[in-house]
Amino acid sequence: MNIQGRLHPYPQTTLRRRIMPFVLLGLMLLTTEVSVSAQTTEQLNSTRVTYHTVKIDGVDVFYREAGPKDAPVLLLLHGFPTSSHMFRNLIPQLADKYRVIAPDYPGFGQSGMPDRSKFAYTFDNYAQVVDKLIRQLGVNRYALYVMDYGAPVGFRLASKNPERVTALIVQNGNAYNETVHYIGGPRADAPIPRPGMTLRKGQVAVVVTDPQNDFLSPKGVAWGVVGQSVTENKTVENIESLFKAAKKADVPVFISPHYYYQHDQQWKFEGALETLMHSIRMFDRKGALTAEGFTESGADWLEQYKPYINDGKTAVTSPHKVFGPESNDLVLQLRKAGISQVVLAGMSANLC
């Protein structure tokens, strides 16, 4: 028996001719895989987000960056009360084609928070900080993506150096004159314009959020954070003036309080503000169906507001939790009362 013939039914040259294409194919696939792997690694590196902090006029300014250094620059300017963190999912999706830069303004996110006596928290100053940052990064031309609070910052950059801006993308941004008028007269740096709305009795209501001790009393747990602002802006006095005017004009008043009950302390996950408020026991109550320990507590109304709130006419809605409408019936109550116009007031009415 020819065992060798059974093991090798083809001549060696024929065998090589038959095997060689498969060897070449394998080498081609291996080379392609290595090439694709290298391209994938390069692509992942280009879209990887990096985090940096630089000094701008002595202030720590944090920013996120991703994308090729030689790609067109896209500058992302965040809104209020957020930071560049709001762009965390957007940045990697843009970084394959753009060099994306997203700073935190001073006082926001991970940037420094200098004392107000040393830093002007105005849109003009924010624009200067951002301008100095991008110049420090060697950026001469860029597209602007502005959102909410970032709009007046970005518009100032575009107005100052229009030749440097290649595109302007606006999401829910405000544009208004440099000088806006208040009852007390014009202010060049005022961040909020007059609404231009004619109030109509029967359709308008006053809504006050969080008129409570923890926010507005020197004995409140948050006074160390908000006390200076409350005092300088005469927040307590201004809210009381609004109460008086509403009651005198027979305009309905709605209160949206902030309460935390015992079960709220058992949440499985929390935002940064929720964690802080729970840790200092802000707006705490024993329970939803008991007034035990409520009087003169941090959750109770500021004493001078009680005559207006407890007059039997003011509507007190179910409580909200931090910001957002998810857990209160304020909108429902306003609709049921036929209200289509609102004068909104409160220490953090823009959030709560």
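Salt bridges, burial and confidence in a predicted model

Modeller: In this predicted model, a network of salt bridges links Asp-131, Arg-135, Lys-160 and Arg-164.

Colleague: What makes the contact of Arg-164 and Asp-131 a salt bridge?

Modeller: Their side chains come to 3.2 Å, N to O. The cut-off is within 4 Å, so the pair counts as a salt bridge. Arg-164 lies in the loop between α5 and β6 (165-171) and Asp-131 in helix α4, so the pair ties together parts that are 33 residues apart in sequence.

Colleague: Why is Arg-164 called buried?

Modeller: Buried means under 20% relative accessible area. Arg-164 has 6% relative accessibility, so it counts as buried. Asp-131 has a relative accessible area of 5%, so it is buried as well.

Colleague: Which residue forms a salt bridge with Asp-57?

Modeller: Lys-132 does, and the closest N and O atoms are 2.5 Å apart. Asp-57 lies in the loop between β1 (50-56) and β2 (59-66), and Lys-132 in helix α4 (residues 123-136), so this pair ties together parts that are 75 residues apart in sequence.

Colleague: Is Asp-57 buried or exposed, and how do you know that?

Modeller: Exposed means over 50%. Asp-57 is at 58% relative accessibility, so it counts as exposed. Lys-132 is at 34% relative accessibility, so it counts as partly exposed.

Colleague: How do you know that Asp-148 has no salt bridge?

Modeller: The nearest side chain of opposite charge, Arg-156, is 13 Å away, whereas a salt bridge needs nitrogen and oxygen within 4 Å. Asp-148 lies in the loop between β5 (142-147) and α5 (150-160). Among the residues Asp-148 touches, not counting those up to four places away in sequence, are Gly-79, Phe-80 and Asn-172.

Colleague: Why are β11 (315-316) and β12 (341-346) called edge strands?

Modeller: The open sheet has four strands in the order β11-β10-β9-β12, with parallel pairing. Both β11 and β12 pair on one side only.

Colleague: What makes β10 and β11 a pair?

Modeller: Two strands pair if there are at least two bridges between them. Two bridges join β10 (residues 253-256) to β11, and the strands run parallel. Phe-254 stands opposite Ala-315 in β11.

Colleague: Where does pLDDT stay under 50?

Modeller: One such stretch is residues 1-10, for which the model has two contacts beyond four places in sequence. Another is residues 34-40, with zero contacts of that kind. Where pLDDT is low, the predicted coordinates should not be read in detail. For the protein, the mean pLDDT is 83, and 79% of its residues reach 70 or more.

Note on methods
Residues are numbered from 1 along each chain as its sequence is written. This is a predicted model: local features need pLDDT of at least 70, side-chain atom pairs count only at pLDDT 80 or more; totals for chains, interfaces and linings use all residues. Side-chain values use heavy atoms; hydrogens and water are left out. Buried means under 20% relative accessible area, exposed over 50%, partly exposed in between (1.4 Å probe, protein chains only). Lys and Arg count as positive and Asp and Glu as negative; His and the chain ends are not counted. Contact means heavy atoms within 4.5 Å. pLDDT is the predictor's confidence in each residue, from 0 to 100.
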